[in-house]
Amino acid sequence: MEFDFVGELPFRVLYGALQLVLIFIIAGIAIGISNKFISRFSERRKKAKFKMDEAKADTLASTAKSIVKYVIYFIAGVAILESFGVDTKGIIAAAGVGAIAIGFAAQKLVADIITGFFVLFEDQFSVGDYIMVQGIDGIVEELGLRITKVRGFDGSLHIIPNRQIEIVTNKIRGDMRALVDIGIAYEEDIDKATEVINRVAEEYNRENEEIVEGPTVLGVSSLGSSDVVLTVMAKTKPMAQWEVERELRKRIKLSFDKEGIEIPHQKHVVYNKTEN
Amino acid sequence: MEFDFVGELPFRVLYGALQLVLIFIIAGIAIGISNKFISRFSERRKKAKFKMDEAKADTLASTAKSIVKYVIYFIAGVAILESFGVDTKGIIAAAGVGAIAIGFAAQKLVADIITGFFVLFEDQFSVGDYIMVQGIDGIVEELGLRITKVRGFDGSLHIIPNRQIEIVTNKIRGDMRALVDIGIAYEEDIDKATEVINRVAEEYNRENEEIVEGPTVLGVSSLGSSDVVLTVMAKTKPMAQWEVERELRKRIKLSFDKEGIEIPHQKHVVYNKTEN
Amino acid sequence: MEFDFVGELPFRVLYGALQLVLIFIIAGIAIGISNKFISRFSERRKKAKFKMDEAKADTLASTAKSIVKYVIYFIAGVAILESFGVDTKGIIAAAGVGAIAIGFAAQKLVADIITGFFVLFEDQFSVGDYIMVQGIDGIVEELGLRITKVRGFDGSLHIIPNRQIEIVTNKIRGDMRALVDIGIAYEEDIDKATEVINRVAEEYNRENEEIVEGPTVLGVSSLGSSDVVLTVMAKTKPMAQWEVERELRKRIKLSFDKEGIEIPHQKHVVYNKTEN
Amino acid sequence: MEFDFVGELPFRVLYGALQLVLIFIIAGIAIGISNKFISRFSERRKKAKFKMDEAKADTLASTAKSIVKYVIYFIAGVAILESFGVDTKGIIAAAGVGAIAIGFAAQKLVADIITGFFVLFEDQFSVGDYIMVQGIDGIVEELGLRITKVRGFDGSLHIIPNRQIEIVTNKIRGDMRALVDIGIAYEEDIDKATEVINRVAEEYNRENEEIVEGPTVLGVSSLGSSDVVLTVMAKTKPMAQWEVERELRKRIKLSFDKEGIEIPHQKHVVYNKTEN
Amino acid sequence: MEFDFVGELPFRVLYGALQLVLIFIIAGIAIGISNKFISRFSERRKKAKFKMDEAKADTLASTAKSIVKYVIYFIAGVAILESFGVDTKGIIAAAGVGAIAIGFAAQKLVADIITGFFVLFEDQFSVGDYIMVQGIDGIVEELGLRITKVRGFDGSLHIIPNRQIEIVTNKIRGDMRALVDIGIAYEEDIDKATEVINRVAEEYNRENEEIVEGPTVLGVSSLGSSDVVLTVMAKTKPMAQWEVERELRKRIKLSFDKEGIEIPHQKHVVYNKTEN
Amino acid sequence: MEFDFVGELPFRVLYGALQLVLIFIIAGIAIGISNKFISRFSERRKKAKFKMDEAKADTLASTAKSIVKYVIYFIAGVAILESFGVDTKGIIAAAGVGAIAIGFAAQKLVADIITGFFVLFEDQFSVGDYIMVQGIDGIVEELGLRITKVRGFDGSLHIIPNRQIEIVTNKIRGDMRALVDIGIAYEEDIDKATEVINRVAEEYNRENEEIVEGPTVLGVSSLGSSDVVLTVMAKTKPMAQWEVERELRKRIKLSFDKEGIEIPHQKHVVYNKTEN
Amino acid sequence: MEFDFVGELPFRVLYGALQLVLIFIIAGIAIGISNKFISRFSERRKKAKFKMDEAKADTLASTAKSIVKYVIYFIAGVAILESFGVDTKGIIAAAGVGAIAIGFAAQKLVADIITGFFVLFEDQFSVGDYIMVQGIDGIVEELGLRITKVRGFDGSLHIIPNRQIEIVTNKIRGDMRALVDIGIAYEEDIDKATEVINRVAEEYNRENEEIVEGPTVLGVSSLGSSDVVLTVMAKTKPMAQWEVERELRKRIKLSFDKEGIEIPHQKHVVYNKTEN
């Protein structure tokens, strides 16, 4: 800001005053516009996908407005000081501390919202889906802008900030697998046991509409120390897999009882030495 | 700052002095305003949701005031030096070290407050709720601006900085599940056992108002090496699940005794070879 | 911005007005160009490898357009203020907070896209492959710009942000190994057991086209407390390894039964002392 | 710094000299003020809550003084060079390396002090409390500005930098729970055992003033393979819970002996097959 | 950019036009040079150590060229705006967001390439080596600029971004150790057993050229509850260790059978109390 | 740098030359001062608490001197270029890469030294103390400026960079606890056993001067499946706790033998079913 | 860059040309110096402690030279553009992306070299030492500027980037401990067993020069469910500890056999109930 002190002073004062007025006008307009912007956004929120009840939306809007107001005050203040020729490097340096602190903290909020957007946009899951996220599983109850609520099977309500949603496992998008391991004694005939299970499976398939495919005996999945393990698999509609597994276990057990096939206890061979 | 040394000096001195006076006035006003602001905030704190006792609020307010005071001194000092034509790049560089150190440390404080705000705003939990956070579970005793206090069931008081509150599990927002596993011997009749349990369950449901939905036998959840495991499930009011589980276990055990259904010990088959 | 207040004012006003017009023109052109750019990219997306259905592409395009629009408004606004001689340091400082917050959050999105590009470019896996990533395994169902969908064997749909794809294990790029451990009693003849297994293996190899090499007995892989463990290995076409293992176990078990080779239960030596 | 070389030189030299003198004076004053400030702070430290013995306080003060001194030298040096028209961008760049290194390292120190302040301000714990922090538990022996000393029950002295204090578990702020699990044989009468325990509990409650509530039998907490587990709970004054648990175990054991109630060993059912 | 509006305007316009032309020329040259550079690099890639098939190299080259082109457009655009006196602080601030996002994401790519360079330069491993990296082991199939492909022994193809290669374990750079633990009964003579093993070892060493040293009995490595464990060690050529271990186990087992040395089952002493 | 080309050139050249000379002089002085500074520091190091042998101190000093020399060369070079009117923005940008790389790496070194200072200043431990840090325990052998050497009990020498020293457990600052668990059979009289242990304890206390308090029987710490566990505790001088525990075990065992109190083996109840 | 267009142009062109020439000269000199510097460093490397074979040193030197060359080109290019009055803010912003990416990646390289320097300078370990680092143990084979090679006992070659070397455990800097646990039956006389072990120990000490200090019986380290455990300890020369432990076990076992002291199998008390 360079000028001729003697002759230009009046003009300069005038110019400074004009700048001041300009800054006030611009700041006023900026506040007005951002307020309208926030109000409109808030109104839309109330009716949108990420539903938010009215009271909350209003609280949030007024908080946002007063934050924006103080930010614009700060910017205008710096501009005014500068227009008086007062140096503002110190202010900028002091603001730097705040910038780092607030910027890093706010980053989490931004990450929440961005992830929330992508979950919705890519339809990773919707309300009512059975999902697994960060070791938590349950039914999605609410999918919000910042948090997702998942109802665990034990009745717990898990509240998950969206940025924690990295790898999602959706368990309702396709047929699920029911898997039952049955151990039979080494003395039993594997083919006969397989045949008995298949008979049970066929009958069960006919009775239960939730079963999409099988149950079928996959084969010998392990030769344990006490039993030969047969694995039985079926495909079911989502959420029906547990019921099918439970019923399969019961039916196989009952028909094995009928056919005299042993499901063995743990077996040990003991060499007794009494004369020690 | 460019000027004609010979003719302009008196004007320049005048101008410099004016700037100095201006800086002092602005700094004074800034301190006054921020002090009033802090006092008002502190007064409100004393009566607000995040209650804070008076002594603490006053201590905090006076600490905040003196921090603000020194920050404004620093900013004004830099502006004065600059108005004398003294370069302040060195000061800014030195302040940078502090900025990084303080900024990163302060970021935790900001994160505490932001998270605290969202816990409250989104009503993630309130005082008296039974929650689980970061592997800690208990009843919320206090929900503060910076920390949350949770009373564990063993009587411990857990003090959690709010920024640690990421995934919250609220266990009081809906009916809870009571789950009991009962192992019966392979020789027992599964249907009879189920029937006995159902009879017990019905009776218990009638007696206990905390039970929202049956206990019912889900089915055979495992074919173990010694027992067939039946799973019994009920829905209860929050916090009643443990009592229901304990009582269910006792009642089922007693009626099994009456009906002669065996809850088996571990079973082994031993092939004895004495002639080794 | 230095000038002679008295004589230059008209010219300066003219110059300022010209600059203003220039800024508006440039901003308009910039918005136009970027809009066209986004539209073209979006059109290509609809037909490209990373297929994206039309509605999604359009939503994304309009979101991107309005983001770009506001960014250009911000840039033009700063330029206009500066051209009026209003200082904008305060604005830049305030924008810094946003820059840190948004920049760090956006970084994840950029990382997703870059990794997605390399997965495709280096053909790390394609749709239909059986892969293992971050402890999740299954069949790739969709390989997108930002996320990859993997169908687990239990029917779960795993949705993985591409940046999580670090070490990929592709299980369909070459022959797989089928491995069966068979424990025989210490009393049995190792060579005879080997011979029996080899006979079974040869026969099985002839019958099953999925087997690429062997099965062969590798040797004694452990001298346990109850059994001598022989390891049998085969090479199979991808995805056939489990079937081959299951069938091998069954066939070896059956021929051992025929040949009278014992697969032992756990064995213990017990020194009985009744006179205690 | 723009000037007319021919005519202004003498004035300029004068002006430069004046600036130099000014910088020296300001630097001197700054050192003086900061030294007084440090001394005063150090004096207060000696008598304050965070007590610090005199020798340590003096060492710390003189270290701080010489750090401040060199920082001011650095700032003044940069200002002097700049006033001679020597460019200092290189210095600032070189100082940047140091700034990153020292700033990040110092950040830990700042975090220690801030956390220490909050522990004290929020009264998270005080000397003599039994706390648990970062997997370490014991009695707080000293609560300092930078570190906290905790005496473990095995006599170890744990020295914890305050920034490590995130989630604090204070075990002395309220009644504690004493919990004893008692396994009885399946053959025993649950109601009789409960009654016996209740009798013991009542008597013990009368004798011991440390017990606040109960002990009461909560119910059947598990149906194990060998025993039915009853859980007994009491509320005690802090630190008395272990003694109460030990005494309860002894008294219950003795009265079970008297009443002939069996606390069972592990039970097994063995099917012997000698003719193998 | 300071000038006399009245007299200088024509010159200024001329000067501005000259600058514009200059910027276009420079930008054109820069694009030309970088394109040639990329092409040359791409050509070399096709024949180099890190082999890359032609189609991939071309795709990569054209991608790189268009990235470079847009970067140069951006730089030139900023320069042009600035030459018209339009302020570009806003653009730089907006670019900052992108800089952080892209810079951090690109850092992974740079880290991949640098690590890849050092793996090659320091010959940490080459194609065909048996290595272990990040818990993955197998044979190196391809060592690329950005990724390394490792074939696991189960047939899996592990694709590892080079930056994940931190600690490398190369198992083919020197003789490997074969280690066999043999448990003998407490009743057996340790020296006799050692002698028998040594006889077997000598014979085996003579027969197998893959054995570099030993096998020798190291001594008693454990006094277990059922057996005295002798450890036998040999040095073999790389990859032969497993075969040697398996064969050693078999041969020792057979000669122990011949010599009547017992490899014991788990041993227990049982005090029977029938009169309970 | 603005001037009138025609008339001022000679003065300007003079002025530039003066600046150049000035920079050389300042750089020379800066190198001289920092060298003396380093030498003095190095001399003091040789005699200080953090002892360092002479050869090492000299190596370190000459390394530091040449680093400082090159840094000053760099700063002076930038200043000279700038004084010729050559732009140095490119240099600063290039130096930024180095700054990030070196700054972050150097930060570890600074953290080592700061932590080392605090360990010493706060007397967290000294040479000869038995400490536990980061899962490593042993006797401190050397406490250096950058590293700490700890001798493990198995003879290993652990070398720990000081920045790894976060939570320190010092096991020599106060009496230690000796703790012995003794299991007695359910048939034994708890009071008699307690009495026997107390008699042994009294006698041992009298004989051993290292015992500070007790040993006393705390009570029944567990009702196991085979035994009733009594816990015996004593307070000893530091490092004597293990000897006291070992001797206590032996003495209690011997007096139990004398008094006929059974320390039980694992006990099982077996229901034999031979007629299966 | 402010000037009078009409009169100064010729001078200005001259001045610009001079600057251009200056920049070329300086860039040329800078490349020359840095090349010489790199060559000298590379020459020294070939003969230094961190030995590096000649081919590698040359490759590295030429890579470094071409990197330096391009960096200087970039700096000179920016300076030239600026001297033509072309704005370079855009270039600096674009370079920022690269700076972040390369700076962070290069930081690892710098960390490797700094750590390598300190390992050598502080003599943390040298070639031939038996160390443990990051869970890897073995003999150091090579200690390089960037990586350290450790030969595991199974023959593996571990290649560790130096920055991974944080806590080092050196197992060759002092006598090592040999530790043997011997379980004897509860029926045995502890003192007699101790005496037998001591006799064996004395004899062994006399025979083996690697033993530095006794084996001595420390005492009863545990009262297990089946045995009384005595701990025997010796101090040996480094690397001899395993041999001493193995030999001690054998000798103690043999003398226990001679003296008839029982090393017990697992002992159980069984209450048989056949009448169930």
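Asn170(A) stands opposite Leu157(C) in β4(C). Strands here are DSSP runs (E, at least two residues) and helices are DSSP runs (H or I, at least four), numbered from the N terminus. This is a predicted model: local features need pLDDT of at least 70, side-chain atom pairs count only at pLDDT 80 or more, and totals for chains, interfaces and linings use all residues. Residues are numbered from 1 along each chain as its sequence is written, while chains are lettered from A and ligands numbered from 1 in the order in which they are written.

**Where chains A and C meet**
- Three bridges join β5(A) to β4 (residues 157-161) of chain C, and the two run antiparallel. Strands pair if DSSP finds at least two bridges between them.
- The contact takes 61 residues from chain A and 54 residues from chain C. Two residues are in contact if their C-beta atoms, placed from the backbone, lie within 7 Å.
- On the side of chain A that touches chain C, α3(A) gives the most, with 13 residues.

**Nonpolar cores**
- The largest nonpolar core has 154 residues. Such a core is a set of buried Ala, Val, Leu, Ile, Met, Phe, Trp, Tyr and Cys residues joined through C-beta atoms within 7 Å. Buried means that 20 or more other C-beta atoms lie within 10 Å of a residue's own, with C-beta atoms placed from the backbone.
- Leu230(F) is among the residues with the most contacts inside this core.
- Leu230(F) touches residues including Ile182(F), Ala193(F) and Val217(F), not counting residues up to four places away in sequence.

**Chains C and E**
- Only 17% of the interface residues of chain C are also interface residues in chain E, so the copies meet through different surfaces.

Note on methods: A residue is buried if 20 or more other C-beta atoms lie within 10 Å of its own, exposed if 12 or fewer, and partly exposed in between; C-beta atoms are placed from the backbone.
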